[in-house]
Amino acid sequence: MSDPDRLAIVEPALLIRINQSYREGMSDVSLYDATRGIWRLGPRREAAEIALAIYGGIVVEVYEIQNWYPAGSTFYETRTFDDVSNRWEFVGRVAPATIRDKYVGKSVADRFKFGAVNPVLYVNVP
């Protein structure tokens, strides 16, 4: 039985909590850089089509994932990293309005168990 209050995510997605990187009023580029890398992920990442940037349990942006690369392979305009070993980053673009309108501003807080430390959650990804 489905929960009528739970946001229905239909696409294969990654929910990425960016609580430590997020700043109110941050630029679109900074938000993208904070969301796209660098993450410890397994091969399942390849099946994800979209990435939802989550701050405080709320979706703040949605990106279409175009490709995955070993962390440190692509250029970041607003971030630098010390240790990128065994991590991944994606390149993508802001999702079209038809997708963004379903998710941006909506809560996904119920999907993260209290005390969970992993910032990335797979949804509809086999």
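1. A polar atom of the Asp33 side chain sits 3.0 Å from the backbone nitrogen of Glu77. A polar contact is a pair of N or O atoms within 3.5 Å; within protein, one must be able to donate a hydrogen and the other to accept it, and residues adjacent in sequence count only if both atoms are side-chain atoms.

2. This is a predicted model: local features need pLDDT of at least 70, side-chain atom pairs count only at pLDDT 80 or more, and totals for chains, interfaces and linings use all residues. Numbering runs from 1 along each chain as its sequence is written, and side-chain values use heavy atoms, with hydrogens and water left out.

3. Asp33 belongs to helix H1 (residues 28-36). Its relative accessible area is 2%, so Asp33 is buried (under 20%, with a 1.4 Å probe and protein chains only). Beyond four places in sequence, Asp33 touches Tyr76, Glu77, Thr78 and Arg79 (contact: heavy atoms within 4.5 Å).

4. The largest nonpolar core has 18 residues (buried Ala, Val, Leu, Ile, Met, Phe, Trp, Tyr and Cys joined through side-chain atoms within 4.5 Å). Leu14, Ile65 and Phe90 are among those with the most contacts inside it. S4 gives the most to this core, four residues. Ile65 touches Leu14 and Phe90, among others.

5. Another core, of 15 residues, lies apart from it; Ile9, Ile54, Val59 and Ile99 are among its members.

6. Val108 is in the loop between helix H2 (97-103) and strand S6 (120-123). Val108 is buried, at 0% relative accessibility.

Key: Helices (H or I, at least four residues) and strands (E, at least two) are DSSP runs, numbered from the N terminus. Buried means under 20% relative accessible area, exposed over 50%, partly exposed in between (1.4 Å probe, protein chains only).
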